[in-house]
Amino acid sequence: MPLILIALLPFLGAVLPALMIRAGRTASAWSAGAVTLAALTGILAHAPAVLRGEIIFYQLDWVPILGLNANFMLDGLGLLFSLLILGIGLLIIIYARFYLDRDDPMGQFYCYLLLFQGAMLGIVLSDNILLLIVFWELTSLSSFLLIGYWKHLPEGRQGARMALTVTGMGGLALIGGMLLLGDIAGSHDLSVILQSRDVIQASPLYVPALILILIGVFTKSAQFPFHFWLPQAMAAPTPVSAYLHSATMVKAGLFLMARLWPVLSGTPEWFYIVATTGLITMLTGAIGALFKNDLKALLAYSTVSQLGLITMLLGFGTKMAAVVAVFHILNHATFKAALFLTAGIIDHEAGTRDIRRLGGLRHLMPLTFLIGTLAAFSMAGVPFLNGFLSKEMMLEEAAHTVWAGSHLFIPVLVTLGSLVSAAYSFRFIAHVFLGPRRSDYPHRPHDPGFGLWAAPALLVALVVLIGVLPALIAGPLVAITSSAVTGGDLPYFSLRIWHGVTPALGMSLIALVGGAVLLAAFVPLDRLRASLPQDTAKAIFDGLIAVAVRLARGLTAGLHNGVMSRYALAFALTVLTAAIFAWATGAAGPATRALTPVPPLPLIGWVLLVAATVTIVLTHHNRLLALILIGIAGLIVSVTFVYFSAPDLALTQATVEVVTIILLLLALNFLPRGSPREGSTARHVRDALIAIAVGAGAAALTFVVQTTDFAFDPISAYHLANSKTGGGGYNVVNVILVDFRGFDTYGEIIVLGIAALVIHALAESLLESPVGARLARRAPDKGESGDPHPLLMVVATRVIMPIALLVGVFIFLRGHNAPGGGFIAGLIVAIALLMQYMASGYDWAVSRQRFPYHGLIAIGILTATLTGVASWIAGYPFLTSSYGYFTIAPLETFELATAMGFDLGVFLCVLGAVMLALDTISRLAHRAGERPSPYAMDVDPSRPQSAQRV
Amino acid sequence: MALWQEIIVAAFLIIGGGFGLVGSFGLIKLADPMARLHAPTKATTLGVGGVLIGSMVYQAFADGTFSVHELLITLFLFLTAPVTAMLISKVHLHQTIRKSELPPTGTDRPWATLDKQD
């Protein structure tokens, strides 16, 4: 299976569980599992080759001009992580099926989980750092969805927001760092970057790039001081915590450090930043974990601590330490996931995860006790379990690491960290399972069914197997992964339980014994801690967010306060300044065209237009009158288009005017009759002067343009010459719309559709607001008409309707060769329907509407898209049109162009958008108390007297 | 086109234009909205009608063809003009006339427009 397919499989498969949930929860889980299994099989098929030392590549140019290629690579490191992601993913899917409640939307859960899985796979398989960043951001987004899965819980929402903010900010830093790195190396392909160690480390940009990348990595892997988001993210369902926050996502940072280890590591900067951060994280995490009473919080802090440990190992910069880091990544994933799943079982069965309310569960839940204890022992570093091996090797590395000349600094602190680790691991066992049996568990604890314990049991089996037979089980994988991390030659290492009496063994013993002692002194220590200041990270974070929100709000309210005249002022002044600057610095050619005489007809139109406009300015307080005057201006403009031989524009303008005026009239129904007088006279004078200056400037510009020749040949000659031969139509305007600039039109109808939907949504929130209540209380200012839907009007509109529809079809069909087209036809049909609304009332018409107008917009855009895509099948670019001539017996030979399909999309979209706007007004009317009448007209002589409306 | 043909076309145009002028003048001159309603109906029916007939005759004389566009325009005018006039008069009734000022309808129903008013 090609790597790109493996990486995309979870994305493609993400819809399956969401659909299959209709067939039941088990079917949904099966589909998610099948997708994961398929991807896992794909990886396993490549595994033998990778273990032989080969690297699998898949290359595809995506956006080559940006250096962004869909290049994938599978080496040892990718293999280890892919196996973790998919293997543990599969176990989590099984576990979640039994963990989630009946009320939880399981299809959604698996959908998010697969999206996340795909994003993670993408990170570990990417061979291109830009592609890697894309997947990196996708993990932030999908983990946001997963952490906030229980939307009803405020902790879930806050935790999700915090995780997204922290990792998202880190992602931004990472983008900067990666771009710098790509710049230094001269390529965005990892395989090239990994070869350019010397160039990169010699570059002056090395340190900035390193710091930016490390910020991204540390936020993702919850390293100090960004570690606070991980415990907050524990509001997620336990399977998510086990998957994201122990096995995979938090390891993405480690992965990236390991991936870039060959080029970035080995410098003092790397050592001091990474190793020290790791060390601090290890200690703070361990101490945090010890005192947490929530099981999941304990595990979250322990994860922080363990991640710090691995970070520190990578920071050491020696090849042996990198090997140990790889080994511990594998071990940590197994025992920590098992621990999280155990915590989930305890929560599920005992009804609480508060350690203070637990204890004595070993008799009630013997199987869980066994699984939990083995996993916790492994975390503590007890021999014969895998945690012991990697911890022992880690201590060995730490024992001879020198920090700023000190030989003791790291070994002592690392031993202390291990000691606290052992203490919290023992606490997990002692305070949950040991001790006397209690009588006040919220539920009656008992071992869960197979579905829940299978996954942690399998993981613990691995813990033991690796612990007992490390070289056999994990040896080859660790070797090949480490050689990928270290970039080839590997130091000698052996995965064995007994290395002889070494300093590490002593440190291990101190840690284990000290951990037990520390736990024995837990109660007084806890009291001491309670008297110290508490964890303040969340408060600081919330404070920072509040400041950011206040700043954003202040800025937005200052610039964007809803006063229309202010925006218009800013716009007018900007244009004026730019125009004055252009006029002052540029040069206009001399007038080369003679002025034409003014015949009486345009003069009359001009006088009407000016008169209407001036009257609007003077009388705009009367809204109805202003609307009528706007109508006059619109008609004159349409007639002007006719006069200048632009029939398409004239038709469009006329129909747009009609639709606008009708919709505005309907909207005016819900508005006050007049607009109030606002602002002082001085302001009016100022605004008038600015407006006149802008208007005069525009007029002057037009005059100059019209009296001089074009500086370059206009493009219209090309359009005129190619319209028939290229686009198959004589109507150049229409061919431009659907062919030459079809992509523009495509974008425009999408914008139109979005605008209509936004209007609809805005009205929805309007109706929910106090405005809606006011509408409902609204009393008409004059007594209502007894006959608002008169017979004459109803009959006339019914008679005109089929004619208008026919005209619409006619205009649509002729569009390609004569004035017309989808846009105008859509408006004409919309007017035909609008008339019915006006004649018989909104509610009467709405109750006869058989299809949603939203759908019309969607179908329109889909039709246009499909027409465009169809040209791909023929091997041409998007929206290439073709045409042909056909003869069907009784008809004349006629032309069919694919552009007609596109035009149909335009037609549907325009119709849907206009009607959706009308529908919005209808809802306002409905809120204002209008109810559907059973009759189309109020007074109908053909109805019996008893059925007349009273 | 012969002179007599041109005279016929011109006559129709002048008749149409004359009615248009009369209609517009009446719109200014007449005092009462109900009376003023009559003026533009002259312009839309006889005024535009004269121009349309002139156009048809011109087509027949000049090209020897029978033009149907004008008939369609006439049809639409006949359909829309009464609706407009009726709606204007209804608004006038509704907004300015009290029920008591109106003559009886001759049935047991009141004037439809004022049906809901007290």
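**Backbone geometry in the loops of chain A**

Author: A:Ala222 is placed in the loop between α10 and α11 of chain A. The model is a predicted one, and in it A:Ala222 has a positive phi of about 55°, although this residue is not a glycine. Most residues other than glycine have a negative phi, and most peptide bonds are trans. A:Ala222 counts as buried, because 30 C-beta neighbours lie inside 10 Å, and the cut-off for that class is 20 or more.

A:Ser645 is placed in the loop between α29 (623-643) and α30 (647-668) of chain A. The surroundings of A:Ser645 contain 8 C-beta neighbours inside 10 Å, so the residue counts as exposed, the limit for that class being 12 or fewer. In short, A:Ala222 is buried, whereas A:Ser645 is exposed.

For context, helix packing in chain A may be considered next. The axes of α1 (residues 3-13) and α5 (residues 106-125) of chain A come within 7 Å and cross at roughly 165°. With that angle, α1(A) is roughly antiparallel to α5(A), since the class takes angles over 145 degrees. The crossing of these two helices is left-handed. On the side of α1(A), the contact is made by A:Leu3, A:Ile6, A:Ala7, A:Leu8, A:Pro10, A:Phe11 and A:Gly13. From α5(A) come A:Leu114, A:Leu115, A:Gln117, A:Gly118, A:Leu121, A:Gly122 and A:Leu125. The residues of this contact divide into ten nonpolar and four polar, with no charged residue.

The contact between the chains takes 14 residues from chain A and 14 residues from chain B. On the side of chain B that touches chain A, seven residues are nonpolar, four are polar and three are charged.

As for confidence, the average pLDDT of chain B is 86, and 97% of its residues score at least 70. The model as a whole scores ipTM 0.88 and pTM 0.70.

How values were computed. Residues are numbered from 1 along each chain as its sequence is written. Chains are lettered from A and ligands numbered from 1 in the order in which they are written. This is a predicted model: local features need pLDDT of at least 70, side-chain atom pairs count only at pLDDT 80 or more; totals for chains, interfaces and linings use all residues. Axes are lines fitted to C-alpha atoms, for helices over the stretch in contact, and angles run from 0 to 180 degrees between N-to-C directions. Helices (H or I, at least four residues) and strands (E, at least two) are DSSP runs, numbered from the N terminus. Angles under 35 degrees count as roughly parallel, over 145 as roughly antiparallel, 65 to 115 as roughly perpendicular and the rest as oblique. A crossing is left-handed if the near helix is turned anticlockwise from the far one by less than a right angle, and right-handed if clockwise. Two residues are in contact if their C-beta atoms, placed from the backbone, lie within 7 Å. Ala, Val, Leu, Ile, Met, Phe, Trp, Tyr, Cys and Pro count as nonpolar, Asp, Glu, Lys and Arg as charged, and the others, Gly among them, as polar. pLDDT is the predictor's confidence in each residue, from 0 to 100.
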